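Hi everyone, and thanks for coming. Today I'd like to walk you through a structure, and I'll take it slowly for anyone new to this.

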Amino acid sequence: MGFIDLLQSIIPPALFFSAPLIFTALGGVFSERSGVINIGLEGLMVMGAFVGVVFNLKFADMFGSWTPWISIIAAALIGGVFSLIHAVAAVSFRANQVVSGVAINFLALGLGVFLTKQWYGKGQTEMVSEQFFSRDIPVLADIPIIGKIFFQDIYLTSYLAIILAFIVWYILYKTSFGLRLRSVGEHPMAADTNGISVYKMRYTAVILSGVLGGLGGSVFALTIALNFSHATIVGQGFMSLAAVIFGKWHPLGAMGAALFFGFAQSLSVISGGIPVLEDIPQVFLLIAPYVLTILALAGFIGRAEAPKANGEPYIKGTR
Amino acid sequence: MNSNRMFNILVPLISVLIGLLAGALLMLGFGYNPVTGYVALWNGAFGDAYYIGETVRQVTPYILTGLAVAFAFRAGLLNIGAEGQVTVGWLAAVWIGTTVEAPMFIHLPLAVIAAALAGAFWGFIPGILKAARGVHEVIITIMLNYTALYSANAIIRSVLSDNEDKTPDVASTASLASEWFQNITYFSRMHYGIFIALFAVVIMWFIIERTSLGFELKSVGLNEYASKYAGMSVKRNLVLSMVISGGFAGLAGAMEGLGTFGYMSVQSGFNNLGFDGIAVALLGSNTPVGVVLAAILFGALKVGALNMPTEAGVPTELVDVIIALIIFFVGSSYIIRWVIRRFKKEEK
Amino acid sequence: MDYVVEMIDIRKEFPGVVANDRVTLRLKKGEIHALLGENGAGKSTLMNVLFGLYQPEKGEIRVNGEPVNITDPNVANELGIGMVHQHFMLVEPFTVTQNIILGNEPTKFGKVNLKKAEQDVQELSDRYGLRVDASAKIRDISVGMQQRVEILKTLYRGAEVLIFDEPTAALTPQEITELKEIMNSLIAEGKSIILITHKLKEIMDSADRCTVIRKGEGIDTVDVADTSADALASLMVGRNVSFHTDKKPAEPKETVLKVEDLKVKDNRKVAMVKDLNLSVRAGEIVGIAGVDGNGQSELVEAITGLHKAESGTVTLNNKNITNLSPRKVTESGVGHIPQDRQKYGLVLDFTIGENMVLQTYYQKPYATYKTLNYKEIYKKASELIDEYDVRTPSVYTKARALSGGNQQKAIIAREIDRSPDLLIAAQPTRGLDIGAIESIHNRLIKERDKGKAVLLVSFELDEIMDISDRIAVMFDGRNIAEVSPGETDENELGLLMAGSHADKAGDQS
Amino acid sequence: ACGGGDSADEDSSSDNGDAEKSETAKGETADFSSGLVTDVGGVDDKSFNQSAWEGLQEWGKEHDLEKGEGFDYAQSNNDSDYEPNLNRMVREDYNMVFGIGYKLEDAISDVADQYPDTNFAIVDSVVEGDNVASITFADHEGSFLAGVAAANKTNTGKVGFIGGTDSDLINKFEAGFVAGVKTVDSDIEVDVQYAGAFDAPDDGKLIASSMYNEDIDIIYHSSGATGNGVFAQAKDIKNSDPDRDIWVIGVDRDQYDEGQIGDQNVTLTSMVKRVDNAVQQVSNMAMDDDFPGGDVLEFGVEDNGVGLVDTNDEAYTDEIAEAAADWKQKIIDGDVDVPQTHDELDDYLDSL
Ligand SMILES: Nc1ncnc2c1ncn2[C@@H]1O[C@H](COP(=O)(O)OP(=O)(O)OP(=O)(O)O)[C@@H](O)[C@H]1O
Ligand SMILES: Nc1ncnc2c1ncn2[C@@H]1O[C@H](COP(=O)(O)OP(=O)(O)OP(=O)(O)O)[C@@H](O)[C@H]1O
Ligand SMILES: [Mg+2]
Ligand SMILES: [Mg+2]
């Protein structure tokens with residue numbers, strides 16, 4: 001297989017694999033930048049997948065081909081509402097954020113499957129009829145080489161994810177909202193004395209993580225799994241968390257990491273045709289994202305430093 | 001100080017109550033009778049000797065993962081990695097159990113120790129990374145959970161079996177299964193592992209409360225700077241606490257591999273013993289006795305839940321929701337304390 | 001009267017503590033108004049009430065005669081009240097400008113207009129002679145400059161009233177002088193200042209009036225011109241106090257600690273201690289004077305084994321203890337009262353009893369075969385508490401629940417009780433009130449008189465001058481001079497500490 | 001609660017006329033009950049658990065029983081739930097208990113030992129014991145027919161196989177399929193990949209994407225929920241290029257619904273395993289005191305235990321159906337001995 005061919009067969013799948021991770025990881029960036037650890041990304045994705053699929057099944061007749069888009073918006077909204085639980089625990093109840101995140105994961109899966117059984121009488125839903133479809137991007141698709149790699153048979157959601165990463169970067173680093181959000185994650189008391197409401201910022205950030213996690217989960221469900229069951233989201237949320245850290249809590253870094261994971265995954269599938277990779281047992285490619293994240297954290301691949309106040313509840317008026 | 005002890009008991013109790021209450025509301029909301037539901041749960045957990053046996057079987061690994069999380073917690077570390085440590089412990093136990101031939105008094109201890117060592121090693125990695133490079137253990141352990149899961153699956157398929165989904169059964173010389181227990185509990189899978197678990201409880205209590213090692217571990221957990229100043233080796237203690245914690249979790253793996261199942265099969269996802277262990281530890285206020293009580297609660301919930309669909313038509317997932325809520329409220333103990341204080345003030 | 005700010009009969013409670021009660025403070029326009037009180041008297045609390053961080057239970061606040069309700073710092077800002085906090089409120093990875101504009105960002109179409117902001121900040125800085133680099137990151141600038149950033153933060157928000165909470169605690173003498181000038185220029189611009197400080201001298205030097213609070217209650221407001229430092233001190237503690245510690249002349253004997261050509265690098269591999277030589281003899285107190293950051297902490301940490309020395313030797317009683325572990329150093333006979341008592345000195349969530357055996361828990365009789373004997377531990381703790389007058393409800397009380405002064409007493413009890421040949425006391429009185437300081441100084445002198453070697457590190461010149469028998473001046477990682485307290489004065493020491501004429505003696509121990 | 005099978009119902013009607021027996025059945029069934037324990041897939045896994053449950057429901061209908069009284073299921077959420085669930089069934093006095101899926105092998109074996117008076121059956125595996133019937137399916141034979149269909153359908157001369165895990169059980173599907181394809185035309189290339197899991201739709205989609213990219217036009221999957229990703233990818237391609245001929249062959253049950261996209265359908269056919277028939281049949285045998293304890297019942301193409309469906313008759317043309325029927329007959333007649341393992345496949349291919 002030629003190199004260009006290889007890219008053509010690896011990149012588009014890598015993109016659709018990565019898109020849900022990018023959305024969710026961006027949510028993680030918001031939350032952790034504001035100082036709230038979010039182990040619950042997995043649960044937020046589960047919620048997103050559940051809502052996306054249920055909404056899709058319910059309203060497919062009404063919205064036709066717009067259904068997947070409206071479904072992911074619904075999933076994003078419900079994801080935002082669901083993440084309020086984590087926000088209340090982490091911000092107002094001063095819970096241990098890791099523990100609260102674990103609870104979110106349990107709760108999302110429990111509720112999702114419970115409701116599925118209630119509403120559909122069984123542990124998994126039907127397949128949706130209105131999924132996302134890939135398409136060629138007009139004009140760009142015709143560019144030689146590049147067109148085929150990047151612009152043919154591409155999901156718009158993949159592009160949405162990438163564009164969103166830039167938007168999040170802009171928000172975090174160029175707007176006053178971003179400056180405030182980051183200050184809250186670094187030194188909440190300083191932000192407080194500057195008249196910034198730490199609680200409001202953190203609530204906003206956690207809700208945004210819910211919105212984006214909901215997006216991620218629903219995009220996964222509506223491009224890849226097409227239905228919801230207990231096994232729809234298995235680890236994608238944790239992989240997104242890995243992307244947040246591997247990307248050093250930077251939106252573009254997180255996007256890069258998510259793309260990299262997608263690339264690795266895609267490569268592991270296609271590796272059969274590539275001489276060097278052929279002989280690598282698949283398990284190594286499977287564990288690569290996790291091992292790489294460990295190495296990154298251990299400082300073997302550039303040092304990753306978390307926002308300073310990450311994980312610490314802010315208690316107004318402590319000395 | 002006295003009020004502290006009271007909180008340590010009240011907070012978990014209230015969390016459990018809220019969890020059960022929420023479960024009842026959920027059942028009501030979806031048209032089930034909560035009383036029927038909970039009676040089914042109770043019967044499924046303690047209805048007769050069989051169910052009690054099964055509950056004990058489930059409680060056994062919960063005690064150990066609970067101890068694992070609690071032990072690390074006491075040293076200031078959050079071991080989210082019990083999950084992975086269970087997996088490698090299970091694998092190691094089964095590995096020894098299926099490949100070694102030896103008389104029982106060697107084989108069984110060897111397999112159990114191998115599990116503990118494997119778990120300990122899996123705890124050692126985040127421990128050493130934390131000690132040497134200051135990396136947060138939570139993330140490392142999460143990543144290691146997946147690494148353990150996929151690696152174990154690969155090893156089961158390609159090393160311990162010939163491309164099968166599960167390993168062969170462990171030799172009877174390495175089995176914890178107990179005919180006696182099975183006979184008195186109508187063939188539940190209750191096994192001798194419960195003694196190992198209870199022994200581990202005593203060990204943890206002794207280490208934490210009565211030894212100079214425990215003193216150091218707690219000290220390091222509470223203030224590593226002061227501990228260093230006082231001449232303790234912070235790094236050694238961090239690593240040690242993760243190693244011991246991992247060892248406990250590894251033992252939980254042995255319970256599954258040598259007791260409950262007698263083999264290990266390819267897992268598509270987490271078995272949740274480790275994650276549930278977080279709940280057990282928290283609910284048990286990270287004390288050995290608390291862990292036992294909490295393990296009994298969660299074991300009963302999990303086993304009893306299986307009876308809910310048949311006896312009351314309630315999906316088992318309801319119990320998952322209840323457990324999630326219990327974790328949530330134990331984690332949010334601040335608010336419960338606050339409310340209790342309010343009440344007390346009102347009274348006065 | 002043209003008061004800019006009036007706080008009348010303020011009461012503020014925390015769970016179990018009345019931090020302020022019936023406190024009244026009136027600030028005139030254009031004055032520097034000092035706020036004086038012992039530790040925990042409620043100064044910071046009062047100012048946090050004014051700044052809107054806390055809501056008072058009772059009392060009234062007026063700004064320019066108008067009653068106001070300061071619900072949060074934003075309201076305070078709008079009323080022209082700015083605060084420079086005791087602990088800096090700066091976001092380390094941000095630039096100076098980002099810190100200053102945070103919460104008040106100039107935006108253009110939602111985008112922060114950083115360029116304009118930087119210009120504004122630079123202009124403001126130039127106008128008040130604050131000399132900050134608007135685009136530098138906080139983590140890269142000195143403590144003094146960080147404080148000026150804090151000041152700029154308030155000015156940027158148009159503060160007319162500035163609150164300084166213990167601004168000099170972390171500054172060098174030179175920086176303190178600069179701060180005084182800055183305050184004067186602020187007054188010249190028509191601003192008013194509330195200054196919190198424990199240092200009576202500073203009040204006498206720069207304040208116009210002074211309000212004293214004691215145990216949360218407002219005591220009095222006096223004109224500084226009409227009073228003396230002694231009078232202020234008495235007001236503050238509620239009894240007469242003497243400043244100077246009485247002590248007999250030292251009778252130094254054999255050398256206990258000998259430090260030779262010691263080199264220490266900090267965590268970032270910057271050399272902090274450079275070829276340092278120093279010795280301490282039995283029966284003397286050697287004070288190390290110097291501005292913070294000249295290698296004192298690294299020196300102490302290297303001696304005590306907390307930090308690795310690059311080269312050189314540390315000898316204790318003729319035994320080489322260089323780079324031994326902290327445990328070995330302790331066992332060799334070194335006691336250490338650490339600079340940061342809550343961080344290093346205590347495990348706050350351990351009981352007092354457990355803290356009392358923090359270094360000895362593994363030894364007999366506290367442990368046999370690695371098994372603890374709590375009866376012995378608490379017996380010992382009870383003895384120490386009685387002997388050193390540590391005020392705690394019981395030995396089973398968590399260290400956290402003790403007041404700062406009593407925490408320090410507990411540490412001192414523990415360290416002295418081991419009867420170490422060398423006692424290192426780093427900033428033993430930092431942040432403590434006069435009463436506590438007095439008792440600690442007496443303890444140190446008592447140890448000396450018992451024939452122990454004492455090494456005292458302090459940034460407070462008064463303290464150094466008061467109790468040292470010999471003073472070593474540290475500058476840039478070196479022991480640049482050794483003087484006797486009787487033969488020097490603060491002026492000379494100040495100059496030495498600033499690195500000027502390093503020719504004087506030193507290094508010949 | 002469960003709405004029951006939609007499409008599968010229609011197919012299952014032929015063998016067992018439900019109407020005729022129900023009248024007579026009433027009296028004799030009063031004290032006979034039959035239950036099943038699912039594996040972690042659950043009774044709605046659109047696969048053999050579901051099929052088994054449908055069979056049991058059908059059996060219940062046949063004898064006028066109600067769920068919970070006469071027949072029921074217990075769902076396992078976890079590998080550790082198998083034994084308690086089986087035990088529960090026994091202790092609730094079910095006379096006949098099925099364990100659905102090879103994962104229950106050990107559990108059935110243990111529990112059957114403990115309760116010699118209850119009849120057990122294991123699906124998809126073999127357990128020894130006088131009170132255990134082993135129900136197996138000749139997956140390789142069915143897969144062989146799927147291979148025949150694929151070989152007849154392909155335009156590109158390339159087809160693919162996606163397996164869940166690389167295990168003996170799935171190798172059986174692979175061997176049969178490859179043999180079927182190659183038997184028809186040995187020039188057709190078969191790309192075989194394993195996703196490594198039965199619940200990884202993302203990997204399924206990735207593999208399918210790469211296969212379809214390489215001009216493979218038919219993929220036979222035997223990978224549970226991982227196959228969802230295969231369908232997702234096929235439908236996606238179909239959506240952007242409705243004229244492209246792209247197919248999936250489903251597994252275990254009729255996956256026609258999964259293939260629906262607009263008014264087209266990418267499901268060529270499905271290799272169905274009639275677990276429902278087997279469950280129904282064995283239940284009846286047990287009820288009639290004719291329990292095949294200790295036997296291994298292999299349901300092959302002969303008794304329609306496995307086979308292809310023709311739901312998508314537009315794509316699954318008469319010629320293909322005829323070819324499949326021919327080969328089916330040859331298998332029945334013993335003219336071909338369909339390979340079940342990699343080794344057997346190698347030998348088989350050599351012999352072509
Ligand atoms: N957030 C709080 N919660 C509870 N108690 C508090 C809090 N802040 C201050 N206190 C208590 O209020 C009292 C006054 O504290 P405050 O910080 O105002 O003292 P201060 O005069 O500034 O002391 P220092 O000179 O040590 O800075 C102390 O007893 C302190 O323990
Ligand atoms: N976290 C806490 N928990 C319980 N009590 C506390 C806590 N913090 C402070 N206190 C109590 O509040 C009182 C004031 O504490 P603070 O440290 O301000 O004392 P202080 O007046 O500065 O005394 P000192 O002069 O000895 O430092 C103490 O009696 C202490 O017991
Ligand atoms: Mg103060
Ligand atoms: Mg104090």
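Predicted model: local features only at pLDDT ≥ 70, side-chain atom pairs only at ≥ 80, totals over all residues.

Let's begin with the chains. Which chains share the most contacts? Of the five pairs of chains in contact, it is chains A and B. Chains C and D, on the other hand, do not touch, and their nearest C-alpha atoms are 39 Å apart.

Let's stay with A and B for a while. On this interface, 41 residues of chain A are in contact with 40 residues of chain B. The size of an interface is often given as the accessible area lost when the parts come together. Chain A and chain B bury about 3700 Å² between them, and 80% of that is on carbon and sulfur atoms. In chain A, the residues that lose the most area to chain B are Phe93(A), Phe106(A) and Phe114(A), together 19% of what that side buries.

What about polar links across this boundary? Between chain A and chain B there are four residue pairs in polar contact, and the count of salt bridges is one. Lys117(A) forms a salt bridge with Glu317(B), with the closest N and O atoms 3.0 Å apart.

Now, which parts of chain A face chain B? Helix 3 (67-92), helix 4 (97-120), helix 10 (236-246) and helix 13 (282-297) of chain A each give two or more residues to the side that touches chain B. Helix 4 of chain A gives the most, with 14 residues. If we sort the residues on that side of chain A by type, they divide into 30 nonpolar, seven polar and four charged.

Here is one residue of chain B that takes part in this meeting of chains. Thr147(B) sits in helix 6 (residues 137-160) of chain B. Leaving out residues up to four places away in sequence, Thr147(B) touches Ile287(A), Tyr290(A) and Val291(A), and also Trp122(B). Is Thr147(B) buried or exposed? Its relative accessibility is 6%, so Thr147(B) counts as buried. A polar atom of the Thr147(B) side chain also lies 2.7 Å from the backbone oxygen of Met143(B).

Next, charged pairs. Side chains of opposite charge can pair when their charged atoms come close. How many salt bridges are there over all chains? A search of the whole structure finds 51. Let me show you a few.

One of them is between Arg91(D) and Asp48(B), whose side chains meet with a distance of 2.3 Å, N to O. Arg91(D) lies in helix 4 (residues 82-91) of chain D, while Asp48(B) lies in the loop between helix 2 (34-46) and helix 3 (49-74) of chain B, so this pair joins two chains. Arg91(D) counts as partly exposed because its relative accessibility is 21%. Asp48(B) is partly exposed too, at 27%.

Another pair is within chain C: the side chains of Asp389(C) and Lys409(C) meet in a salt bridge of 3.9 Å, N to O. Asp389(C) is in the loop between helix 13 (374-388) and helix 14 (404-417) of chain C, and Lys409(C) is in helix 14, so the pair ties together parts that are 20 residues apart in sequence. Asp389(C) is partly exposed at 36% relative accessibility, whereas Lys409(C) counts as buried at 18%.

In chain D, Arg274(D) forms a salt bridge with Asp276(D), the closest N and O atoms being 3.1 Å apart. Both Arg274(D) and Asp276(D) are buried. And back in chain C, there is a network of salt bridges that links Arg11(C), Glu13(C), Asp21(C), Arg22(C) and Glu217(C).

While we're in chain C, have a look at Asp223(C), which is in strand 12 (residues 217-223). Asp223(C) is partly exposed, at 37% relative accessibility. Asp223(C) and Asp208(C) are 15 residues apart along the chain, and their C-alpha atoms are separated by 6.3 Å. Not counting residues up to four places away in sequence, Asp223(C) touches Asp208(C) and Arg209(C).

Last, a database note. An unreviewed UniProt entry lists several spans of chain B as "transmembrane region", including residues 7-29 and 238-266. In the model, residues 7-29 of chain B are 100% helix, and the end C-alpha atoms lie 32 Å apart. Residues 238-266 of chain B are 79% helix and 0% strand, with end C-alpha atoms 32 Å apart.

That's my tour, and I'm happy to take questions!

Terms used:
Residues numbered from 1 in each chain as written. Chains lettered and ligands numbered in written order. Heavy atoms only, no water. Helix = DSSP H or I, 4+ residues; strand = E, 2+ residues; numbered from the N terminus. Buried < 20%, exposed > 50% of the residue type's maximum accessible area, 1.4 Å probe, protein only. Polar contact = N/O pair within 3.5 Å; in protein donor to acceptor, adjacent residues only side chain to side chain. Contact = heavy atoms within 4.5 Å. Salt bridge = Lys/Arg side-chain N within 4 Å of Asp/Glu carboxyl O. Buried area = accessible area lost by both parts, 1.4 Å probe. Nonpolar A, V, L, I, M, F, W, Y, C, P; charged D, E, K, R; others polar. UniProt positions renumbered as here; feature names shortened; annotations may be inferred.
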